[in-house]
Amino acid sequence: MRAKQAAIRPWPLGLPLLPAIRRDPLGFAARLYARHGDAVRLKVLSTDVHYLFRPEAARQVLVNHQDDFAKDERTLDVMQSVHGANVITTEGAVWERQRRMLAPAFAPKRIAACAASMAAAADECASRELPAEAGASAVVDVDGLTTRITMDVILRALFSYRYRPEEAAAASTAVRALSRQLMREFFWPLRPVAWLPYPGRAEKARNLAVIHDLIHARIEARRRDMADGAEVEEDILGLMLAARDEQADASQAMLSDAEILDNCVGLFGAGHDTSATALTWWIGLMAAHPDIAAQVRDEVRGLPEGHVAAAKEITEARLLNATIKEAMRLYPPSAATFTRRALRDVELDGRTIARGALVIIPIWNLHHDERWFPEPDAFRPERFLPGAPALPRSAFMPFGIGPHFCLGQQFATVEMALVAARLIRRHDFSLARGNALPAPVVDLVLKPRERLQVRFTRLA
């Protein structure tokens, strides 16, 4: 028997749905599920849009039937207007080639080599911005702190470069502004031609120039060093410049200058913003749950000093890693997967997804479903400790699943654990305002609606 599915098309042409989703994407999806169940079909203009709320349905789209779906071209077009045509924003043969060529940069041995610089970035930022004397404290804008740490990490990993404070401030402001602009453009019924004036166009160009100037400077500096025969670090940029695709013809065997730039832009943006977001929420949760934070601190302090700066050994801190996973369950950096478009009619989870229809997998809602996570709004790291009940496949997917899972997943996992360990080992966290965290808001990644301010107190 074919599963029933709610269909919604408010007058006129479904267009009122777009501003409703834009205003509150998390609440909109939650209301759809509460009223209509596991599968809901909307109609916007002439396009069917399917929301799927079951882990198995998500797996069918992203894994079992991944050849029957592709990232929505309009979404990719909006993303490419900022990030270019990189491994995150392309599909098909272009994506396969770029992913194949970039994968060695994220191999375990490369991540292990980055571990010391990850820990150093956390220590150096803490020494500049956090109290140094035992008992001293300061109230900190957590998102700003984590952004500067993870920006330092990704710039070191990409370019072996340590930013200047004014560069970090300008880049952070530009990234936030570009994220807000992309969110606006995702929900425009029609996207204007690039050369025509449109709301936010001039500001978008200015902010994009800030990011491009930062990255261009690093690429040009590297090319000069190579031309001069200087010894250069084996970082991600170096691996991109040296990468060869044995499966391509001679003209495509190397990444072009445009591909190198676009992938540096994409890795810079995705590589620091998602990790910063996850760490922001983790620090807030530690501040809101001091008893759990004390257990994590004891665990981290029980490791040899070197283990707290080593990629492999940091996985021994089971409670630390469980708290980070639980933070990403409660506050997944990406609230939904890339929208997929059906390339052909697909029988999926008892219903037909027609060719041309869009499919949305709302990660936030999967992570907050009481069927898979009892007391879904409670912070319970034991869900991810050894011996916990097994989760349904794909109920937890902060990095996505299937062939398009996040290329930097292992990099981000190690980075977050190392940075978190360095911070909690030496500091106590407490909320500066009240006892609740700010509400989340989708701004490409999931950010606190208001500043998350935490008091950091230096421990002996």
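**Figure 1. Trp281 is buried, with a relative accessible area of 0%.** Buried here means under 20% relative accessible area, computed with a 1.4 Å probe on protein chains only. The model is predicted: local features need pLDDT of at least 70, side-chain atom pairs count only at pLDDT 80 or more, and totals for chains, interfaces and linings use all residues. Residues are numbered from 1 along each chain as its sequence is written, and side-chain values use heavy atoms, with hydrogens and water left out. Trp281 belongs to helix α11; helices are DSSP runs (H or I, at least four residues) numbered from the N terminus. Contact means heavy atoms within 4.5 Å. Apart from neighbours within four places in sequence, Trp281 is in contact with Tyr331, Leu437, Pro438, Ala439, Pro440, Leu446, Lys447 and Pro448.

**Figure 2. Cys264 is found in helix α11 (residues 257–288).** Cys264 counts as buried because its relative accessibility is 0%. When residues up to four places away in sequence are not counted, Cys264 touches Leu158, Phe159, Ile215, Ile219, Leu237 and Met240. Val175 is 89 residues from Cys264 in sequence, and the two lie 14 Å apart in space, C-alpha to C-alpha.

**Figure 3. Ring pairs join Phe28, Tyr33, Tyr51 and Phe53 in a cluster.** Rings of Phe, Tyr and Trp (its six-membered ring) pair if their centres lie within 6.5 Å; planes under 30 degrees apart count as stacked, over 60 as edge-to-face and the rest as tilted. This rule gives a count of ten aromatic pairs. The ring centres of Tyr51 and Phe53 are 6.2 Å apart and their planes lie at 20°, so this pair is stacked. Both Tyr51 and Phe53 are buried.

**Figure 4. Lys71 lies over the face of Phe338, and Arg99 lies over the face of Phe405.** A charge sits over a ring if NZ of Lys or CZ of Arg is within 6 Å of the ring centre and within 35 degrees of the ring normal. The distance from the ring centre is 4.4 Å for Lys71 and 4.7 Å for Arg99.

**Figure 5. The axes of helix α6 (residues 108–129) and helix α15 (residues 409–426) come within 9 Å and cross at roughly 35°.** Axes are lines fitted to C-alpha atoms, for helices over the stretch in contact, and angles run from 0 to 180 degrees between N-to-C directions. Among the residues that make the contact are Ile111, Met118 and Asp123 of α6, and Phe411, Leu418 and Arg422 of α15.

Terms used:
Buried < 20%, exposed > 50% of the residue type's maximum accessible area, 1.4 Å probe, protein only. Helix = DSSP H or I, 4+ residues; strand = E, 2+ residues; numbered from the N terminus.
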